[in-house]
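Q: Please go through the structure below and say, point by point, what each label rests on.

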Amino acid sequence: MTIRAGIIGCGGIAKCHVAGYKSNNIAITAVTDINPDAAKAMGAELGAEVFASAGELIESGRADLVSICTPPAAHEADAVFALEHGVHVLLEKPSAANVESARKIKVAADKSDARLMLAFRHRFIPAIVRMKEMIDSGCLGQVVFFQNTFCGPAFGMKDKWFSKKAVAGGGSMLDTSSHSVDLFRFLIGEVTKQHAVCHTHLEGTDVEDAAIIVLKAENGAIGSLTSAWVAGTGKADIIIMGQDGKAEYTYGGDLTFHKRGAEKPEKIEIPELTGGFAEQIGSFIKAIESNQEPEITAFDGLRCLEIIEACYKENEK
Ligand SMILES: NC(=O)c1ccc[n+]([C@@H]2O[C@H](COP(=O)([O-])OP(=O)(O)OC[C@H]3O[C@@H](n4cnc5c(N)ncnc54)[C@H](O)[C@@H]3O)[C@@H](O)[C@H]2O)c1
């Protein structure tokens, strides 16, 4: 079976999806964007047909699957429409702008014969795959703390849709920490409690740009997830402290393991530094070809939204 891909939303992240499809030898046959120039440019580059809307692209039958790479508030309508038309969906994170929409996406995915996978690509980053193996093999012992930071100078967010609640659904907690919440659920376990504090430093926006979320897992492990668009210097890392040792990964850098009692940490070899996009698309294609549940489902997208929305509610008080 030759699978043909369509792209809905031809902006920044769509380019990473395009590269991922190319790595998996999947042809991109159809593209669309609310901004016709963006669609035309991508269509011309790929030799793909350009459609005036997502609806027309889905109804055309020119794509067996779509990557939805639009802002969160636009996700529900296109994901549901694609699923109703038997078109598989790779849906960018966060699943939607709110829990209600994420729930509708899950209902549509449950009803459809088509597959929906959430694009929580960090799960496929080789160092994170290795961390999961370390936890599952027991070499860290019972996990005590999970600490994940995604901070950096992204002051320009102020002028983008990311800072508009109606389009984005939220600020750094939803945009950035949705990856962290998913990583916590993937690596550590299901969340039983969540708390957060957040603040808005950038003027003229209605979303937070700095936050710390605290999570507790069923197994007692505690997570601290830090996000900021306004930190003057960047930091992106994961530290997992277990009773028998600590694993530490700095994005773009090393993965280390410090065994309890050892004098110093050892470096763990990882195959290569990738963003996980090609692996994510490989996994999605495998799920379609084998008619299996994707590795990351609409439920994972919904749980992430439920946890983060509870954090927002707590901060409204
Ligand atoms: N997985 C990751 O690491 C990662 C990184 C960045 C962004 N994202 C996610 O990807 C999505 C898109 O983000 P981006 O950074 O590519 O944004 P972007 O602004 O660069 O691109 C979005 C594109 O969608 C188009 N668009 C907007 N509404 C549309 C609609 N209703 N129909 C068709 N096209 C529409 C815009 O014109 C634009 O070209 C968001 O959900 C974001 O959270 C994920």
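Q: In this predicted model, what makes α9 roughly perpendicular to α11?
A: Helix α9 (residues 177–187) and helix α11 (residues 298–316) pack at an angle of about 115°. Angles of 65 to 115 degrees count as roughly perpendicular, so α9 is called roughly perpendicular to α11. The two axes are 10 Å apart, and the crossing is right-handed.

Q: Which residues make the contact of α9 with α11, and how do they divide by class?
A: From α9 come Ser177, Ser178, Val181, Asp182 and Arg185. From α11 come Asp300, Arg303, Cys304, Ile307 and Ile308. Two residues are in contact if their C-beta atoms, placed from the backbone, lie within 7 Å. By class there are 4 nonpolar, 2 polar and 4 charged residues.

Q: How do α6 and α9 cross, and what is the make-up of their contact?
A: The axes of helix α6 (residues 126–136) and α9 cross at roughly 35° and come within 10 Å. Ile128, Met131, Lys132 and Ile135 of α6 meet Leu183, Phe186 and Leu187 of α9. This contact has 6 nonpolar residues, no polar ones and 1 charged. Lys counts as charged, and Lys132 is one of the residues on the α6 side.

Q: At what angle do α1 and α10 pack, and why is that angle called oblique?
A: The angle between α1 and helix α10 (residues 277–290) is about 60°. The axes of α1 and α10 are 8 Å apart, and their crossing is right-handed.

Q: What residues form the contact of α1 with α10?
A: On α1 they are Cys16, His17, Ala19, Gly20, Tyr21 and Ser23; on α10 they are Phe277, Ala278, Gln280 and Ile281. They divide into 6 nonpolar, 4 polar and no charged. Gly is put with the polar residues, so Gly20 counts there.

Q: How many residues surround the ligand, and what makes a residue near to a molecule?
A: There are 23 residues around the ligand, and the closest are Gly9, Gly11, Gly12, Ile13 and Glu92. A residue is near a molecule if its C-beta atom, placed from the backbone, lies within 6 Å of it. Helix α1 (residues 12–23) gives the largest share of the shell, 3 residues. The shell has 12 nonpolar, 6 polar and 5 charged residues.

Q: Which domains does the assignment give, and how far apart are their centres?
A: Domain 1 is 4–122 + 278–295 and domain 2 is 126–273. Their C-alpha centres lie 26 Å apart. The contact takes 9 residues from domain 1 and 11 residues from domain 2. On the domain 1 side, 6 are nonpolar, 2 polar and 1 charged.

Q: What is the form of the peptide bond from lysine 93 to proline 94, and where is proline 94?
A: The bond is cis, with omega near -20°. Proline 94 is in the loop between β5 (88–92) and α5 (99–111).

Q: What is the phi of asparagine 25, and where does the residue sit?
A: Phi is near 55°, a positive value in a residue other than glycine. Asparagine 25 is in the loop between α1 and β2 (27–32).

Technical notes:
Residues numbered from 1 in each chain as written. Predicted model: local features only at pLDDT ≥ 70, side-chain atom pairs only at ≥ 80, totals over all residues. Domains from an automatic or database assignment. Axes fitted to C-alpha atoms, helices over the stretch in contact; angles between N-to-C directions. Helix = DSSP H or I, 4+ residues; strand = E, 2+ residues; numbered from the N terminus. Parallel < 35°, antiparallel > 145°, perpendicular 65-115°, else oblique. Left-handed = near helix turned anticlockwise from the far one by under 90°.
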